[in-house]
Amino acid sequence: MTDHATLHDRIQFENVSKFYGEVLGVNKVTLSIPPGVTTLVGPNGSGKTTLMNLMTGLVQASSGTISVLGLSPGNATEFFRAVGYCTQFDSFPRGLSGWQFVFDSLMLHGMDKMDAFRLTVEALDRVQLGDSAGWPIASYSKGMRQKIRLAQSIAHHPRVLILDEPLNGLDPMARAESLALFEELGRQGMHLIISSHILDEVDRISDRVVLITGGYLIAEGNIHQVRQEVRDKPMQVLIRCDHPELLASRMFSINHCVEARLHADGQGVFLRTGDIDQFYSMLNGIAAEGVIKINAVAPADDDANAIYQYLIGSDGSAS
Amino acid sequence: MADTVGSFSRSFAQQPWALWRRQAGRLTLIEVRRNLFSWKASWIYFLAFVPTLLIFIHGLVDRHFVEGISDDTNVLAGIVQFYYVRLGIFFGCLGIFSRLIRGEMIERSLHFYLLSPVRREILLLSKFAAGSISAVLLFETAMVANIALMYGPFGAAGRDYVFHGAGLAQSEAYLVIVPLACLGYGAVFLLLSMMFKNPTPAAMLVLGWEAINPVLPSVLQKISVASYLRHLMPVSIPGEGIFALLTVETEPVSGWAAALGLLLLIAVVLTYSCYRMRRLEIRYTTE
Ligand SMILES: Nc1ncnc2c1ncn2[C@@H]1O[C@H](COP(=O)(O)OP(=O)(O)O)[C@@H](O)[C@H]1O
Ligand SMILES: [Mg+2]
């Protein structure tokens, strides 16, 4: 494939940084996203919304370049025909019914009333809003508002659909419906970018996962690659105990322990490990012996721990 | 089918103007629908029609002799010059125009427009157009009513004054001054509302600036809405007391030059607003 062809079916970030004044939004992100379902996963405040806003020109990059299928949001007419973005903001222009909201936004494309009418019906049908489309949005429940916003963002048949935490606040039933819709849209060859702070809820439909924390991209690839990548990343753990040197030497005999450092107060040791699962089971074994009294165990890098929780967390088994 | 879609989009690509007109029309419609028919805006109706009400009462209560026409002409001139231009239209436009963009930021709905396939310049100018339509419709209606109610009670003499006498040129001038004032203040407040989270303090500075403007050097008078309008006023009111300060006569400028000057000022303000609009970021949390 030529570079040119690649550019036109990809979303590209090149060394993109965004600062909100002094506050870091995202830092030096380089990404190239092919068609399919891509999920942006990271804890709150990690920069997911910032990445999405950067893609669509709602905020401007402090440095670096972004292109979506070779288009830039500066050229709004072409760009927003190709892109739909369902933001995190749960707010609407005042005084509209669900129907009017979708219809109005289609009319802004410059299409005639018949086309806008047809596409409105189709979009409302897709999100299964039913009769409530004619009601004022002000009377909607959270789930209905989510649906009408989704309908508005897909109504014009975008090639790229960006959804910021689309499952947030939905009941399990609505979640399942939404996931099925996303999966279908992804199958139709659309670029689908979905953000979530819970990997487990989107991993089934994702072709690709981008992990981000603290504004830094930490892993990217298919779900198995990413899980592996995070497992291989050495993690630091602080263990409070009464014989830190002894513990360090015991733990160091395990291959996975790559670094040890005594705490300044002599009452603990920082250990870095490449395999956290085995590390914890070894530690449990040592604790059970009763020779070393272990008072506390805490991850020393919060970010890595948070990601670890997302990925392996609940069920403890990779993939 | 694909072919018709293809040729459709090609023809649109060649004629962005047709698309822009449609988009602008739609946006303006959406905005006017909201601006003109909302209870929140009722205080602006009040601003526009307070003098109308007073003139109406004056017409009912006071007796009208032909000799009174010149007095009432001065009163009307005063109402336009000191009330409408400096207060009524000023605050009315502050209300109408500063909510066009800022209001949507506060309500967190601006992003829907920024995510639609509409150039931001078109968006801004459409909003300006919508605000202008609302303001002009309102204040021009009030002005027409003011003229009718002021001269109506004089009967045939009043009709003669307005349609065949000196009143004709005066009325025409007022009906030009009012929309120009709406556009001028509208452009200024639209810009201020994009620059400041709360544009009111800045508007107060503008109010002060407009008030002292007549005594400033003529270079500085070029950046004031009221100073252009002053040259268009058909009746110069004999100044008394504090008003003497406000009616300082400066170099005479022809009506056309003054109107063109003001339109130029509006164009400059709108151009800069478009530039800001292109760089505008959605940051509702910190706004
Ligand atoms: N408008 C803003 N002003 C200042 N800081 C912001 C703004 N928006 C986001 N941030 C900061 O940028 C970082 C990333 O935020 P965000 O992209 O919203 O993360 P996420 O969507 O993953 O929760 C956070 O530290 C947040 O505080
Ligand atoms: Mg977010």
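Ligand 1 is surrounded by residues from chains A and B, so its site is shared between chains. The model is predicted: local features need pLDDT of at least 70, side-chain atom pairs count only at pLDDT 80 or more, and totals for chains, interfaces and linings use all residues. Residues are numbered from 1 along each chain as its sequence is written, chains are lettered from A and ligands numbered from 1 in the order in which they are written, and side-chain values use heavy atoms, with hydrogens and water left out.

**Ligand 1**

The shell (residues with a heavy atom within 4 Å) has 15 residues, of which Gly45(A), Gly47(A), Lys48(A), Thr49(A) and Thr50(A) come nearest. By class, the shell holds four nonpolar, nine polar and two charged residues, with Gly counted as polar. In chain A, strand E2 (23–33) and helix H2 (48–55) each supply at least two shell residues.

| Residue | Polar atom | Distance to ligand 1 oxygen |
|---|---|---|
| Gly45(A) | backbone | 2.6 Å |
| Gly47(A) | backbone | 3.0 Å |
| Thr50(A) | side chain | 2.5 Å |

Taken alone, ligand 1 exposes 550 Å², and the protein buries 75% of that (Shrake-Rupley method, 1.4 Å probe).

**Gln170(B)**

Gln170(B) is buried, with a relative accessible area of 10% (buried means under 20%, 1.4 Å probe, protein chains only). Not counting residues up to four places away in sequence, Gln170(B) touches Thr73(B), Tyr151(B), Tyr161(B), Pro234(B) and Val235(B) (heavy atoms within 4.5 Å). The side chains of Gln170(B) and Tyr161(B) are also joined by a polar contact of 3.2 Å (a pair of N or O atoms within 3.5 Å; within protein, one must be able to donate a hydrogen and the other to accept it).

Conventions:
Buried < 20%, exposed > 50% of the residue type's maximum accessible area, 1.4 Å probe, protein only. Helix = DSSP H or I, 4+ residues; strand = E, 2+ residues; numbered from the N terminus.
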